Amino acid sequence: MDLALFYYLLLGFAVLMYVVLDGFDLGLGILYPWFKGEGERDHMMRSISHVWDGNETWLVFGGVVLFAGFPAAYSELLATMYTPLIIMLIGLIFRGVAFEYRFKSHRSKPWWDLSFFLGSTVAAFCQGLILGAVVQGVDAGAGATGALDWLSAFSVFTGFAVMVAYALLACCYLVLKSRGAIMARAAHLGRQLVVAIMVILAIVSLWTLMDNAEVRARWFDGLNFLLLLPLPLLSALFGWLLYKDLDGKPHETRPFWLAVGLFIMGFIGLVVGLFPYLIPHRLTLWQASAPDSSLLFLLPGILIFLPLICAYTLWGYRIFAGKVEDFEEGY
Amino acid sequence: MELDAAILSRIQFAFTVSFHIIFPSITIGLATAIAIWEGLWLKTRNPLYFQLAKFWIKPFAITFGMGVVSGIVLSYEFGTNFSKFSELTGPVLGPLMAYEVLTAFFLEAGFLGVMLFGWQRVSERLHFFATCVVAVGTWISAFWIIAANSWMQTPAGYEIIDGRFEATSWLEVVFNPSMPYRLMHMLLAALLTGTFVVAGVSAWYLRNNRDQDFAKKGLSMALWAALILAPVQALVGDYHGLTVKEYQPIKLAAMEGIWPEREASVPLLLFAVPDMENETNHFELKIPKLASLILTHSLDGELQGLKSVPADERPNVPLVFYSFRVMVGLGVLMIWVALLGLLLRRKERLYEHKGFLALVNLMIPAGVLATLAGWYVVEVGRQPWLVQGLVRTMDVVSPLPAERVLFSLTLFVLTYSLLLCVYLYFMAKLVRKGPPDREHLEQHLIGVNAPGFALEWVKDIKHQKAEA
């Protein structure tokens with residue numbers, strides 16, 4: 001198999017794992033203003049305090065796969081996206097430390113709530129902004145690092161889109177992990193967010209189709225449209241099921257998986273438009289890839305450790321499976 | 001002075017990496033200590049060990065959190081601020097860091113949840129296993145990042161094809177000449193850092209007449225550890241210096257303040273004020289021939305000096321020179337404290353001697369400071385090179401507008417200053433709160449002895465009652 005293509009898929013896997021796992025995790029922070037009680041916020045924090053670190057590791061993994069597999073793309077992309085990346089990292093710092101300090105504080109607790117909310121929100125927005133800028137493509141060559149190409153109407157829109165998507169995922173996660181009033185509110189919010197996300201998906205799709213001739217060709221040339229038709233259809237189906245599932249006495253686990261399904265559909269749609277580019281119009285995965293010596297050296301590590309990582313991550317989630325309890329637990 | 005993006009990027013990287021290294025060097029030592037205590041508790045059932053593990057896991061947790069958030073920044077900074085560097089060296093350094101994530105970061109994160117929050121959900125043995133995995137994870141992480149750093153100091157096993165590095169032998173890349181000693185030196189430094197944090201905090205309790213049994217056990221164990229680790233560290237550091245002499249003679253010349261092209265019978269400078277402009281030292285306080293003896297094992301051995309290379313290939317000599325003395329000075333102090341501890345122990349005055357306890361108390365940050373100073377020697381000493389002899393730092397920074405880097409640097413300085421205050425505040429708060437009392441722990445043990453399914457059972461009853 002084509003090694004560069006394998007690493008491209010691996011990168012995709014890492015990004016998908018990150019947005020799903022850290023998605024619900026960041027989403028809880030975004031939802032904070034809708035859950036005002038201290039007890040509720042304790043509860044939300046407790047539902048992820050044992051996994052946030054692992055979830056964020058996927059972001060580091062995505063970064064190093066890009067670094068090891070596609071150094072040319074890593075260097076250019078990161079330098080070009082300098083400011084939003086730095087702000088995202090600062091956001092992640094503020095939300096990350098809130099986990100430890102919030103439970104150990106008394107007077108300063110509201111500040112940690114704010115830190116968690118703002119950090120999560122800013123990080124999610126920046127991720128969406130970067131995503132939008134990547135999809136749109138950064139035009140200039142070497143001068144790109146000086147320009148502000150990442151700031152456009154489209155990228156700001158995708159920034160908000162990612163916030164909504166993460167918040168939706170977080171609602172579904174809360175339905176899975178909590179009981180009573182919190183669960184009901186999460187389901188209620190989730191229904192509104194499903195509607196929002198479906199509208200957003202439609203707008204983003206149309207926007208890229210109109211903006212970008214290559215994406216248009218990818219979708220409408222020959223029989224492509226028929227091949228790709230399941231994507232929008234499945235998305236619509238998932239959205240509809242999700243909307244129904246969150247109604248009344250919501251189903252416990254299914255909404256979360258449906259939301260994950262929506263994420264996967266959206267992500268595949270994204271890759272369909274981008275492939276085989278890492279930086280649209282300029283750098284394909286083959287042009288950016290590291291030499292075979294590097295890719296081959298890393299290969300056994302990935303084949304051995306990635307399944308192991310998935311196994312013990314799953315084990316960790318199973319140990320803490322079920323609803324969150326509101327009593328002191330842990331260290 | 002006009003703003004220079006390259007200088008700002010370098011300041012930013014130096015600042016963020018210095019801030020980061022504080023935390024891993026504490027957690028490597030603490031994780032190891034906690035694993036040892038938990039193991040001893042399982043073996044002896046002495047509640048003191050359990051108390052030690054349960055107390056230190058809290059400072060460990062907040063330190064670990066700080067390490068995680070400040071570490072993520074670094075994995076992206078190579079690209080954001082040193083884009084050309086990452087493109088040139090990515091094929092060699094990228095896979096090393098990918099291995100670090102695969103074999104260490106995920107491992108630590110995966111088992112940390114169980115270690116911190118799983119006391120009531122898994123059996124004692126499984127919990128101990130999780131603690132050990134986290135501890136081993138911190139070691140593995142050090143292995144890979146030291147390999148990557150050492151390769152930049154003493155590159156090996158590569159060739160340059162089309163202007164970028166490619167590995168020809170991964171064995172030589174990973175185990176490059178300076179890697180084994182640097183790894184040992186860093187791991188020992190981390191263990192010593194943790195050791196002196198534990199010793200210092202225990203001494204604080206003793207000075208304030210609190211939690212005597214707990215503090216005595218902690219202090220005693222830490223001082224035994226220091227008695228072994230500190231002298232071994234001096235030995236390893238000495239051997240490490242020999243590889244510096246061989247592969248990075250200019251760094252060594254800066255460490256020792258040697259100016260002539262070649263000098264025989266080099267004295268050991270205890271103190272001096274290096275003057276880069278006039279290429280000499282002022283106010284030298286020296287021991288004749290000792291540097292030659294240490295580094296060449298002969299009294300009239302020759303060493304290469306700074307003037308053997310043009311001025312633009314020399315590092316900032318005073319910074320390297322002073323940092324080296326801070327590191328060595330603290331190391332020697334640690335050895336003395338450990339020996340003094342041994343002496344007082346034999347006289348059975350270890351826990352009473354007020355002056356000694358105050359000294360140990362003051363030594364809490366000694367490990368952190370020595371580690372930082374050591375890294376300044378390593379990193380500043382290599383300049384102007386980023387990859388020794390091959391890539392100059394100034395040639396590979398990202399072509400960013402200076403204001404943008406100034407903006408991010410300002411953000412980092414503000415954020416990190418705030419975080420450091422918060423971290424110290426909460427550490428102090430945890431220490432003042434003290435260890436959990438043993439009765440509380442015994443109640444806790446009931447939970448520990450009841451693995452997950454029993455907890456589920458209790459929870460179900462609770463909720464059935466609530467619903468009824």
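Predicted model: local features only at pLDDT ≥ 70, side-chain atom pairs only at ≥ 80, totals over all residues.

Biologist: At what angle do H8(B) and H10(B) cross?

Modeller: Roughly 70 degrees, and the axes of H8(B), residues 249–256, and H10(B), residues 317–346, come within 7 Å. That makes H8(B) roughly perpendicular to H10(B).

Biologist: Which residues in H8(B) and H10(B) meet there?

Modeller: On H8(B) you have Lys251(B), Ala254(B) and Met255(B), and they meet Val317(B), Val320(B), Phe321(B) and Phe324(B) of H10(B). By class, that contact has 6 nonpolar residues, 1 charged and no polar ones.

Biologist: OK, and H7(B) against H10(B): is that crossing left-handed or right-handed?

Modeller: Left-handed. H7(B), residues 212–247, packs on H10(B) at about 145 degrees, and the axes are 8 Å apart.

Biologist: What does H7(B) bring to meet H10(B)?

Modeller: Among its residues there are Leu223(B), Leu227(B), Pro231(B) and Gly237(B), and the H10(B) residues they face as a group include Gly331(B), Met334(B), Ile335(B) and Leu342(B). The contact of H7(B) with H10(B) counts 11 nonpolar and 4 polar residues, with no charged ones.

Biologist: Switching topic: how do S4(B) and S5(B) pair?

Modeller: In the antiparallel sense, over 6 bridges, with S4(B) being residues 268–275. Leu268(B) stands opposite Ile287(B) in S5(B). The two strands form a hairpin with 4 residues between them, and Glu279(B) in the turn has a positive phi of about 55 degrees.

Biologist: How many residues of S5(B) are buried?

Modeller: The count is 0 among its 8 residues, 280–287, so S5(B) is hardly covered.

Biologist: And over in chain A, why is H4(A) largely enclosed?

Modeller: Because 9 of the 10 residues of H4(A), which spans 71–80, are buried. The buried ones include Pro71(A), Tyr74(A), Glu76(A) and Leu77(A).

Biologist: Last topic, the contact between the chains. How many residues does each chain put in?

Modeller: Chain B gives 61 residues and chain A gives 58. On the chain B side, H2(B), H3(B), S2(B), H13(B) and H15(B) each supply at least two residues.

Biologist: Which element has the largest share of chain B's side?

Modeller: H3(B), with 23 residues. By class, the side of chain B that touches chain A has 35 nonpolar, 17 polar and 9 charged residues.

Methods. Residues numbered from 1 in each chain as written. Chains lettered and ligands numbered in written order. Contact = placed C-beta atoms within 7 Å. Nonpolar A, V, L, I, M, F, W, Y, C, P; charged D, E, K, R; others polar. Buried ≥ 20, exposed ≤ 12 C-beta atoms within 10 Å, placed from the backbone. Pairing = 2+ DSSP bridges. Axes fitted to C-alpha atoms, helices over the stretch in contact; angles between N-to-C directions. Parallel < 35°, antiparallel > 145°, perpendicular 65-115°, else oblique. Left-handed = near helix turned anticlockwise from the far one by under 90°.
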